[in-house]
Amino acid sequence: MLIGLSCLAGSVSLPAYAEGSADLTNSGGNRPYLEYRNDLNGGILRRTVMKVYANEGETINLGSSAVGVNNGIINYRDPNNVAGSCGANGLIANRTEEVGGPGVGFTPCTVTVGAGQTGIWEIDFVSPNQGSGGNPPATLANANWTQANTGMVSAWDITVRSAGGVAIPGRAYANYYAFNMGANGISLSSLF
């Protein structure tokens, strides 16, 4: 009986979440804004560094609402710590583009994983103004949003695709998330 339950538990597939803001805003509550700031809170840098596993031949599709807003940009580092940047590519301009995802809703910044680059990549969704704060407006999770010139990113996405272009969920994560909800007393209903 125990062996049968263990096999059943090992074969149950659970959905993967948190590969982008669209995943974090599809279960109600309020929008979690991703922080990328230069200050500390409780001794921890208010900066989320996303991580994603990718194999040679796959592509990493990236997007952010902060691209092109003041100093907003997407930076990445391969498993060998070689840095790159998306430049002006990968803008998520509104809620419709966020929900549509890369290639449908918005044109992503696409990074092809080359020989010797299989492993964990780091992604920085750099906000427009890393040095200053203030709170973003408290916004319902499924409502339209505006990318402000603050240390927050309203929307972001990491989608890994196979060499054949098929999305591979479950590859993105972070050691910790630095979020700002915009106000006290509102709900975070995101599924991680």
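Modeller: Happy to; we can start with the overall picture and then go to single residues.

Modeller: This is a predicted model, where local features need pLDDT of at least 70 and side-chain atom pairs count only at pLDDT 80 or more, while totals for chains, interfaces and linings use all residues. Residues are numbered from 1 along each chain as its sequence is written, and side-chain values use heavy atoms, with hydrogens and water left out.

Colleague: Great. How many helices and strands does the protein have?

Modeller: There are 3 helices and 13 strands. Both are DSSP runs numbered from the N terminus, with at least four residues (H or I) for a helix and at least two (E) for a strand.

Colleague: And what share of the residues is buried?

Modeller: Of the 192 residues, 44% are buried. Buried means under 20% relative accessible area, exposed means over 50%, and partly exposed is in between (1.4 Å probe, protein chains only).

Colleague: Which strands make up the open sheet?

Modeller: The order is S7-S4-S10-S11, with antiparallel pairing. Strands S7 (109–112) and S11 (167–168) are at the edges with a single partner strand each, so one side of each has no neighbour in the sheet. Two strands count as paired if DSSP finds at least two bridges between them.

Colleague: How many bridges join S4 and S10?

Modeller: S4 (residues 59–64) and S10 (residues 156–161) pair over 6 bridges. As one example, Thr59 has Arg161 in S10 as its bridge partner.

Colleague: New topic: is Gln147 buried or exposed?

Modeller: Gln147 counts as buried because its relative accessibility is 14%. You'll find Gln147 in the loop between strand S8 (119–126) and strand S9 (152–153).

Colleague: What does its side chain make a polar contact with?

Modeller: The side chain of Ser65, at 2.5 Å. A polar contact is a pair of N or O atoms within 3.5 Å; within protein, one must be able to donate a hydrogen and the other to accept it, and residues adjacent in sequence count only if both atoms are side-chain atoms. Also, a polar atom of the Gln147 side chain lies 2.9 Å from the backbone nitrogen of Ser154.

Colleague: Which other residues is Gln147 in contact with, leaving aside its neighbours within four places in sequence?

Modeller: Among them are Ala66, Val69, Pro128 and Met152. Contact here means heavy atoms within 4.5 Å.

Colleague: Last one: is Leu40 buried or exposed?

Modeller: Leu40 counts as exposed because its relative accessibility is 55%, and its place is in strand S1 (residues 33–41).
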